[in-house]
Amino acid sequence: MDPRTERQLVVFDFDWSLADQDSDRWIFEVLAPDLRRKMKNLKDEVQWTDLVAQSLQEYHARGGTREEIEGALKIMPFHPAMKRAVLKAKEQANPKTTFLCLSNANEVFISTILKERGLETLFDEVITNPAEWDPSGLLKLRRRVDPAGPQHGCRVGCSPNMCKGEELDAFLARHQPAFDRVVYIGDGSNDFCPILRLRSEDAVLCRTYRGLQKRIEKDGAGAGLKCQVHYWSGAWEVEELFSKL
Ligand SMILES: [Mg+2]
Ligand SMILES: [Zn+2]
(Lines give C-alpha, C1' and ligand atoms only; values in the text may rest on other atoms or scores of the structure.)
(Ligands and ions follow the chains in the order given, each with its own letter.)
Protein backbone atom coordinates (compact mmCIF):
# COMPACT_ATOMS: atom_id res chain seq x y z
CA MET A 1 0.00 0.00 0.00
CA ASP A 2 1.27 3.41 -0.99
CA PRO A 3 1.90 5.24 2.30
CA ARG A 4 0.71 8.50 0.74
CA THR A 5 -2.78 7.04 0.30
CA GLU A 6 -4.35 7.95 3.60
CA ARG A 7 -7.90 8.85 2.60
CA GLN A 8 -9.49 6.63 0.03
CA LEU A 9 -12.96 6.59 -1.51
CA VAL A 10 -14.39 3.33 -2.78
CA VAL A 11 -17.41 3.77 -5.04
CA PHE A 12 -19.58 0.75 -5.79
CA ASP A 13 -22.16 0.36 -8.45
CA PHE A 14 -24.63 -2.17 -6.98
CA ASP A 15 -26.05 -4.55 -9.61
CA TRP A 16 -23.46 -6.92 -11.12
CA SER A 17 -20.76 -5.05 -9.18
CA LEU A 18 -21.20 -5.34 -5.42
CA ALA A 19 -24.02 -7.85 -5.92
CA ASP A 20 -23.68 -10.76 -8.34
CA GLN A 21 -26.97 -10.15 -10.17
CA ASP A 22 -29.27 -7.34 -11.29
CA SER A 23 -31.93 -6.68 -8.65
CA ASP A 24 -34.48 -5.02 -10.99
CA ARG A 25 -34.52 -8.05 -13.26
CA TRP A 26 -33.89 -10.73 -10.65
CA ILE A 27 -37.07 -10.22 -8.60
CA PHE A 28 -39.24 -10.65 -11.70
CA GLU A 29 -37.23 -13.62 -12.93
CA VAL A 30 -37.92 -15.23 -9.54
CA LEU A 31 -41.53 -14.11 -9.03
CA ALA A 32 -43.12 -13.24 -12.37
CA PRO A 33 -41.21 -14.26 -15.50
CA ASP A 34 -44.02 -12.94 -17.72
CA LEU A 35 -43.39 -9.45 -16.32
CA ARG A 36 -39.67 -9.97 -16.86
CA ARG A 37 -40.42 -10.75 -20.51
CA LYS A 38 -42.65 -7.68 -20.78
CA MET A 39 -39.83 -5.51 -19.39
CA LYS A 40 -37.43 -6.93 -21.93
CA ASN A 41 -39.87 -6.09 -24.71
CA LEU A 42 -40.52 -2.55 -23.46
CA LYS A 43 -37.06 -1.49 -22.32
CA ASP A 44 -36.32 0.61 -25.42
CA GLU A 45 -39.66 2.43 -25.19
CA VAL A 46 -40.07 3.10 -21.45
CA GLN A 47 -37.40 4.68 -19.22
CA TRP A 48 -35.97 1.87 -17.10
CA THR A 49 -36.82 3.18 -13.60
CA ASP A 50 -40.38 3.91 -14.75
CA LEU A 51 -40.58 0.43 -16.25
CA VAL A 52 -39.51 -1.20 -12.97
CA ALA A 53 -42.05 0.98 -11.09
CA GLN A 54 -44.81 -0.06 -13.50
CA SER A 55 -43.88 -3.71 -13.20
CA LEU A 56 -43.96 -3.47 -9.40
CA GLN A 57 -47.46 -1.96 -9.65
CA GLU A 58 -48.57 -4.73 -11.98
CA TYR A 59 -47.17 -7.39 -9.68
CA HIS A 60 -48.94 -5.79 -6.70
CA ALA A 61 -52.23 -5.56 -8.62
CA ARG A 62 -52.23 -9.31 -9.20
CA GLY A 63 -51.67 -10.04 -5.51
CA GLY A 64 -47.89 -10.10 -5.27
CA THR A 65 -46.69 -9.28 -1.76
CA ARG A 66 -43.94 -7.37 -0.04
CA GLU A 67 -42.83 -10.60 1.64
CA GLU A 68 -42.37 -12.31 -1.73
CA ILE A 69 -40.28 -9.44 -3.08
CA GLU A 70 -38.14 -9.30 0.06
CA GLY A 71 -37.72 -13.08 -0.11
CA ALA A 72 -36.46 -12.84 -3.70
CA LEU A 73 -34.03 -10.07 -2.78
CA LYS A 74 -32.66 -12.07 0.13
CA ILE A 75 -31.74 -15.02 -2.09
CA MET A 76 -30.17 -12.89 -4.83
CA PRO A 77 -26.61 -14.09 -5.58
CA PHE A 78 -23.93 -12.29 -3.58
CA HIS A 79 -20.37 -13.54 -3.70
CA PRO A 80 -18.71 -14.31 -0.35
CA ALA A 81 -15.40 -12.98 -1.71
CA MET A 82 -16.98 -9.57 -2.30
CA LYS A 83 -18.16 -9.47 1.29
CA ARG A 84 -14.68 -10.43 2.53
CA ALA A 85 -13.07 -7.81 0.30
CA VAL A 86 -15.22 -4.89 1.46
CA LEU A 87 -15.15 -5.82 5.14
CA LYS A 88 -11.37 -6.10 5.10
CA ALA A 89 -11.02 -2.71 3.41
CA LYS A 90 -13.49 -1.17 5.84
CA GLU A 91 -11.70 -2.36 8.95
CA GLN A 92 -8.27 -1.10 7.82
CA ALA A 93 -7.17 2.14 9.45
CA ASN A 94 -4.68 3.03 6.71
CA PRO A 95 -5.90 3.93 4.22
CA LYS A 96 -9.09 5.10 5.84
CA THR A 97 -11.79 4.15 3.34
CA THR A 98 -15.08 5.92 2.75
CA PHE A 99 -17.68 3.80 0.93
CA LEU A 100 -20.20 5.26 -1.51
CA CYS A 101 -22.88 3.29 -3.34
CA LEU A 102 -23.95 4.85 -6.65
CA SER A 103 -26.73 2.81 -8.16
CA ASN A 104 -29.66 2.89 -10.56
CA ALA A 105 -31.49 0.31 -8.43
CA ASN A 106 -33.40 1.74 -5.46
CA GLU A 107 -33.22 2.35 -1.71
CA VAL A 108 -35.38 -0.63 -0.74
CA PHE A 109 -33.69 -3.27 -2.91
CA ILE A 110 -30.25 -2.15 -1.78
CA SER A 111 -30.99 -1.84 1.93
CA THR A 112 -32.84 -5.18 2.00
CA ILE A 113 -29.93 -7.01 0.36
CA LEU A 114 -27.24 -5.27 2.44
CA LYS A 115 -29.09 -6.14 5.64
CA GLU A 116 -29.51 -9.77 4.61
CA ARG A 117 -25.76 -9.96 3.90
CA GLY A 118 -24.75 -8.26 7.15
CA LEU A 119 -23.46 -5.19 5.30
CA GLU A 120 -26.02 -2.60 6.40
CA THR A 121 -23.30 -0.38 7.89
CA LEU A 122 -20.89 -0.68 4.95
CA PHE A 123 -21.79 2.47 3.05
CA ASP A 124 -21.28 6.01 4.31
CA GLU A 125 -23.80 7.09 1.69
CA VAL A 126 -26.11 5.40 -0.82
CA ILE A 127 -27.12 7.47 -3.84
CA THR A 128 -29.93 5.80 -5.76
CA ASN A 129 -33.60 6.04 -6.73
CA PRO A 130 -36.01 6.64 -3.82
CA ALA A 131 -38.46 3.86 -2.96
CA GLU A 132 -40.81 3.03 -0.11
CA TRP A 133 -43.38 0.42 0.81
CA ASP A 134 -46.89 1.77 1.11
CA PRO A 135 -49.24 0.20 3.71
CA SER A 136 -50.84 -2.06 1.08
CA GLY A 137 -47.47 -3.65 0.29
CA LEU A 138 -46.84 -1.79 -2.95
CA LEU A 139 -43.24 -0.73 -3.47
CA LYS A 140 -43.45 2.84 -4.74
CA LEU A 141 -40.38 3.63 -6.81
CA ARG A 142 -39.47 7.01 -8.30
CA ARG A 143 -36.64 8.39 -10.41
CA ARG A 144 -33.95 10.20 -8.42
CA VAL A 145 -34.27 13.11 -10.87
CA ASP A 146 -38.01 13.96 -10.83
CA PRO A 147 -39.31 13.92 -14.44
CA ALA A 148 -41.48 16.97 -13.60
CA GLY A 149 -38.52 19.10 -12.52
CA PRO A 150 -35.22 20.24 -14.03
CA GLN A 151 -33.32 17.44 -15.79
CA HIS A 152 -29.62 16.66 -15.55
CA GLY A 153 -27.41 17.87 -18.38
CA CYS A 154 -25.41 14.70 -19.06
CA ARG A 155 -24.18 14.21 -22.62
CA VAL A 156 -22.29 10.98 -21.95
CA GLY A 157 -25.33 8.73 -22.00
CA CYS A 158 -26.71 8.48 -18.45
CA SER A 159 -30.37 7.54 -18.11
CA PRO A 160 -32.78 10.43 -17.28
CA ASN A 161 -33.32 9.09 -13.74
CA MET A 162 -29.78 10.01 -12.64
CA CYS A 163 -26.40 11.16 -13.96
CA LYS A 164 -23.87 9.14 -11.98
CA GLY A 165 -21.08 11.52 -13.00
CA GLU A 166 -22.87 14.56 -11.63
CA GLU A 167 -23.73 12.66 -8.45
CA LEU A 168 -20.10 11.64 -7.96
CA ASP A 169 -18.90 15.22 -8.52
CA ALA A 170 -21.44 16.49 -5.98
CA PHE A 171 -20.35 13.84 -3.45
CA LEU A 172 -16.68 14.77 -3.91
CA ALA A 173 -17.56 18.46 -3.45
CA ARG A 174 -19.34 17.58 -0.18
CA HIS A 175 -16.31 15.62 1.09
CA GLN A 176 -13.36 17.99 0.73
CA PRO A 177 -10.39 17.85 0.87
CA ALA A 178 -9.95 15.61 -2.16
CA PHE A 179 -9.45 11.90 -1.50
CA ASP A 180 -5.93 10.62 -2.11
CA ARG A 181 -7.41 7.94 -4.28
CA VAL A 182 -10.81 6.94 -5.66
CA VAL A 183 -11.48 3.32 -6.63
CA TYR A 184 -14.66 2.75 -8.67
CA ILE A 185 -16.15 -0.72 -9.10
CA GLY A 186 -18.64 -0.97 -11.95
CA ASP A 187 -19.92 -2.99 -14.88
CA GLY A 188 -22.53 -1.05 -16.82
CA SER A 189 -22.49 1.58 -19.56
CA ASN A 190 -23.91 4.06 -17.04
CA ASP A 191 -20.70 3.71 -15.03
CA PHE A 192 -18.74 5.31 -17.88
CA CYS A 193 -19.80 8.90 -17.09
CA PRO A 194 -18.59 8.84 -13.45
CA ILE A 195 -15.23 7.24 -14.26
CA LEU A 196 -14.52 10.15 -16.65
CA ARG A 197 -14.35 12.27 -13.46
CA LEU A 198 -11.47 10.18 -12.05
CA ARG A 199 -7.80 11.24 -12.04
CA SER A 200 -4.63 9.35 -13.01
CA GLU A 201 -4.10 8.30 -9.37
CA ASP A 202 -7.59 6.76 -9.30
CA ALA A 203 -8.68 3.35 -10.58
CA VAL A 204 -11.69 1.65 -12.06
CA LEU A 205 -12.24 -2.04 -11.43
CA CYS A 206 -14.33 -2.91 -14.48
CA ARG A 207 -16.27 -6.15 -14.78
CA THR A 208 -15.55 -7.81 -18.11
CA TYR A 209 -17.91 -8.49 -21.03
CA ARG A 210 -20.48 -5.90 -19.99
CA GLY A 211 -21.41 -2.37 -21.02
CA LEU A 212 -18.64 -0.54 -19.19
CA GLN A 213 -15.84 -2.51 -20.80
CA LYS A 214 -17.36 -1.83 -24.22
CA ARG A 215 -17.61 1.92 -23.53
CA ILE A 216 -14.02 2.08 -22.22
CA GLU A 217 -12.71 0.29 -25.31
CA LYS A 218 -14.81 2.32 -27.74
CA ASP A 219 -14.83 5.80 -26.17
CA GLY A 220 -12.28 5.82 -23.33
CA ALA A 221 -9.35 7.39 -25.16
CA GLY A 222 -11.52 9.85 -27.09
CA ALA A 223 -13.34 10.96 -23.95
CA GLY A 224 -10.08 11.52 -22.06
CA LEU A 225 -10.34 8.68 -19.56
CA LYS A 226 -7.43 9.24 -17.15
CA CYS A 227 -7.79 6.63 -14.39
CA GLN A 228 -6.09 3.24 -14.25
CA VAL A 229 -8.26 0.38 -15.56
CA HIS A 230 -8.25 -3.09 -14.00
CA TYR A 231 -10.53 -5.84 -15.29
CA TRP A 232 -12.22 -8.59 -13.30
CA SER A 233 -14.89 -11.18 -13.93
CA GLY A 234 -15.42 -12.83 -10.54
CA ALA A 235 -15.64 -11.18 -7.11
CA TRP A 236 -12.59 -13.19 -5.97
CA GLU A 237 -10.58 -11.06 -8.38
CA VAL A 238 -11.88 -7.86 -6.79
CA GLU A 239 -10.73 -9.26 -3.46
CA GLU A 240 -7.32 -9.88 -5.03
CA LEU A 241 -7.18 -6.37 -6.56
CA PHE A 242 -8.18 -4.78 -3.25
CA SER A 243 -5.26 -6.46 -1.52
CA LYS A 244 -2.81 -5.39 -4.27
CA LEU A 245 -3.90 -1.78 -4.75
MG1 LIG B 1 -24.27 -2.50 -12.54
ZN1 LIG C 1 -23.78 11.27 -16.81
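**Exercise 1. Find which residues Asp 13 touches in this predicted model, leaving out those up to four places away in sequence.**

Step 1. Asp 13 touches Leu 102 and Ser 103, among others.
Step 2. The loop between β1 (7–12) and α1 (14–18) holds Asp 13.

**Exercise 2. Decide whether Asp 13 is buried or exposed.**

Step 1. Take the count. Asp 13 has 24 other C-beta atoms within 10 Å.
Step 2. Apply the cut-off. A residue is buried if 20 or more other C-beta atoms lie within 10 Å of its own.
Step 3. Conclude. Asp 13 is therefore buried.

**Exercise 3. Work out where Asp 15 sits and what surrounds Asp 15.**

Step 1. Asp 15 belongs to helix α1.
Step 2. Asp 15 counts as buried, because 23 C-beta neighbours lie inside 10 Å.
Step 3. Set aside neighbours within four places in sequence. Asp 15 is then in contact with Gln 21, Asp 22, Ser 23, Ser 103 and Ala 105.
Step 4. Check the record. In an unreviewed entry, the UniProt annotation "active site" covers Asp 13 and Asp 15.

**Exercise 4. Describe the open sheet of 6 strands.**

Step 1. Write the order: β3-β2-β1-β6-β7-β8, with parallel pairing.
Step 2. Name the edges. These are β3 (125–129) and β8 (228–232), and each pairs on one side only.
Step 3. Neighbouring strands are turned by 15° against each other on average, direction ignored.
Step 4. Look at one pair. β6 (residues 181–186) and β7 (residues 203–207) are joined over 4 bridges, in the parallel sense. Val 183 faces Ala 203 of β7.
Step 5. α11 (residues 235–244) lies across β6, β7 and β8. Helix α11 runs at about 145° to β8.

**Exercise 5. Trace the two domains and the side of domain 1 that touches domain 2.**

Step 1. Domain 1 spans 7–20 + 78–244, and domain 2 spans 27–74.
Step 2. The domain centres, taken over C-alpha atoms, are separated by 23 Å.
Step 3. Count the contact. Domain 1 gives 14 residues and domain 2 gives 14 residues.
Step 4. Find the elements on the domain 1 side. α7 (107–116) and β5 (139–141) each supply at least two residues. The largest share, 4 residues, comes from α7.
Step 5. Sort that side by type. The residues divide into 7 nonpolar, 5 polar and 2 charged.

How values were computed: Residues numbered from 1 in each chain as written. Chains lettered and ligands numbered in written order. Predicted model: local features only at pLDDT ≥ 70, side-chain atom pairs only at ≥ 80, totals over all residues. Pairing = 2+ DSSP bridges. Axes fitted to C-alpha atoms, helices over the stretch in contact; angles between N-to-C directions. Contact = placed C-beta atoms within 7 Å. UniProt positions renumbered as here; feature names shortened; annotations may be inferred. Buried ≥ 20, exposed ≤ 12 C-beta atoms within 10 Å, placed from the backbone. Domains from an automatic or database assignment. Nonpolar A, V, L, I, M, F, W, Y, C, P; charged D, E, K, R; others polar.
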